[in-house]
Amino acid sequence: MPSAAPPTAGEPSKPRASPLPKDDPLRERILVCGWRKAGKSSCIKTVFQGVPTKDVPYFGVTQKIEKINYDTIIPLQIWDTPTNFELDQLDVPLGSFSTIVYVMDMQQEDMYPEIIARFVQIVVRAHFANPNMKFAIFIHKAEAMAQDYREDNYRQIQQTAEDELLDFPFHTIQNLAPSLNFSDPSVTNALANDLVGSIRYRITSAYEANLREAWSGVVQGVMEMLPSVEQLLLNFTANCGMDNSFLFDIASRVIVAADNRGKNDETLDQVTDYLSRFMQFRELYKNLHLEVDENGPNSADGDEEDKEEEEEEEEYEPEGWWDEEDPEIPWMTQATRLTPNTTLALWQFTPHLALVVLLRTATWEATRGMIEYNLTFLRQGVRRILMEV
Ligand SMILES: Nc1nc2c(ncn2[C@@H]2O[C@H](COP(=O)(O)OP(=O)(O)O)[C@@H](O)[C@H]2O)c(=O)[nH]1
Ligand SMILES: [Mg+2]
């Protein structure tokens, strides 16, 4: 076993000119739309603006488009839209969005055909505005439904959307794509199938961890560096005998990358829960520097749990977080024994991101030095990828 070198923050690197301006075109834009009262604002606010779920029933109606800037592994701009929103009301080109999230109320079964027809209209239009556009449907308000019922509705929604796309009267929008011949069925079939493949369906509820998983899919979908980060995590997890490793956005508790081995819902719930508990203790971590924007700090819910605190430190400098970091300072870290056999450990990587690993307690106790040694390289690797993009 190699001797454990003290973990360092890695060398400071190239300076970044200035913080991103508010409307920076480099932010990945995500448009959130859907039927009135489907839960659009709830999906955004409970995850990215730290609004507690107990406030969900009291949200006011969204009156105008709201743009929420959120800095995580990549800078995002999430657009919340009001009732009766139409694509024509955007003050930027539709093609400048990378993803459209369509929120629908799972409980409005009688409305599925209209809701889905509207979604398909948006998909088709957005595709011609940006052929790389990604689409996600959040089938929302699922918490009241039993598992079987959820699955039936999920299948019904997916089938309806696919049928609607395959039957879409593309000839009526020939003007959007003059170079394609929409009277040729082979052209329209290929296009429809392409569109079918660009849609991800997610069951969500503001009261369940699946909402964060759904957002995780959306964020990962726009991360060009995802495969490189995943590969680093995979190597690290395999070398150190871990069960799983996850790179989390700390404030939203959204997973931005994972090693993708043997992941299951239970593990995810456990880890997400752990992070929210950890965030309750954030006051104890005096040097856990999180960027708090004008939307307010994140608040987390959950119960207390025994914790074993270790060293802490992270420097944060708003002009470009990596410029001012002292490479000699150890970063904030924390480990918790969940059960006698399972340990969860957390290390902060950047002001926004933390690595959470799940491993056998015996492995942690026997090889902690080696894990921390390997972690130095993982952390530097991840940070280097982030600095380059
Ligand atoms: N049962 C349930 N209700 C929700 C959920 N999310 C939002 N709602 C309710 O749906 C209504 C509309 O939510 P809102 O987010 O304002 O919808 P929007 O009009 O699409 O932005 C509110 O009364 C919320 O309490 C959820 O996950 N489950
Ligand atoms: Mg709203």
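The points below go through a predicted model of a protein chain with a ligand, from the whole chain down to single residues.

1. Overall make-up. The protein chain contains 8 helices and 12 strands. It has 389 residues, of which 37% count as buried. Contacts can also be sorted by how far apart the partners sit in the sequence. Taking the contacts with a separation of 6 or more, 72% are between residues 24 or more positions apart.

2. One open sheet is built from 6 strands, and their order across it is 2-3-1-4-5-6, with mixed pairing. Strand 2 (66-71) and strand 6 (199-203) are the edge strands, each pairing on one side only. From one strand to the next, the twist averages 20°.

3. The antiparallel pair. Strand 2 and strand 3 run antiparallel and are joined by 6 bridges. The two strands form a hairpin, with 3 residues between them. One bridge to look up in the model links Tyr-70 to Leu-76 in strand 3.

4. Strand 3 itself. Besides its pairing with strand 2, strand 3 runs parallel to strand 1, with 5 bridges joining the two. In this pairing Leu-31 stands opposite Trp-79 of strand 3.

5. Strand 1 and its other neighbour. Strand 1 (residues 28-34) also pairs with strand 4 (residues 97-105), in the parallel sense, over 6 bridges. Here Cys-33 stands opposite Tyr-102 in strand 4. When following side chains along a strand, keep one rule in mind: in a regular strand they alternate between the two faces of the sheet.

6. The ligand. Which residues are closest to ligand 1? They are Gly-39, Lys-40, Ser-41, Ser-42 and Ala-206, out of 20 residues that surround the ligand. Helix 1 (residues 40-48) gives the largest share of this shell, with 3 residues. By type, the shell divides into 8 nonpolar, 7 polar and 5 charged residues.

7. Two packed helices. Helix 6 (residues 226-239) and helix 8 (residues 361-388) have axes that come within 10 Å and cross at roughly 175°. The two helices are therefore roughly antiparallel to each other. On the helix 6 side, the residues in the contact are Ser-228, Val-229, Leu-232, Phe-236 and Asn-239. They meet Asn-374, Leu-378, Gly-381, Val-382 and Ile-385 in helix 8. This set of residues divides into 6 nonpolar, 4 polar and no charged.

8. One residue in helix 6. Leu-233 also lies in helix 6. Is Leu-233 buried or exposed? Leu-233 counts as buried because 25 C-beta neighbours lie inside 10 Å, and the cut-off for buried is 20 or more. Leaving out residues up to four places away in sequence, Leu-233 touches Ser-245, Leu-247, Ala-257, Ala-258 and Asp-259. Asn-244 is 11 residues from Leu-233 along the chain, and the C-alpha atoms of the two are separated by 8.9 Å.

How values were computed: Residues are numbered from 1 along each chain as its sequence is written. Chains are lettered from A and ligands numbered from 1 in the order in which they are written. This is a predicted model: local features need pLDDT of at least 70, side-chain atom pairs count only at pLDDT 80 or more; totals for chains, interfaces and linings use all residues. Axes are lines fitted to C-alpha atoms, for helices over the stretch in contact, and angles run from 0 to 180 degrees between N-to-C directions. Helices (H or I, at least four residues) and strands (E, at least two) are DSSP runs, numbered from the N terminus. Angles under 35 degrees count as roughly parallel, over 145 as roughly antiparallel, 65 to 115 as roughly perpendicular and the rest as oblique. Two residues are in contact if their C-beta atoms, placed from the backbone, lie within 7 Å. Ala, Val, Leu, Ile, Met, Phe, Trp, Tyr, Cys and Pro count as nonpolar, Asp, Glu, Lys and Arg as charged, and the others, Gly among them, as polar. A residue is near a molecule or strand if its C-beta atom, placed from the backbone, lies within 6 Å of it. Two strands pair if DSSP finds at least two bridges between them. A residue is buried if 20 or more other C-beta atoms lie within 10 Å of its own, exposed if 12 or fewer, and partly exposed in between; C-beta atoms are placed from the backbone.
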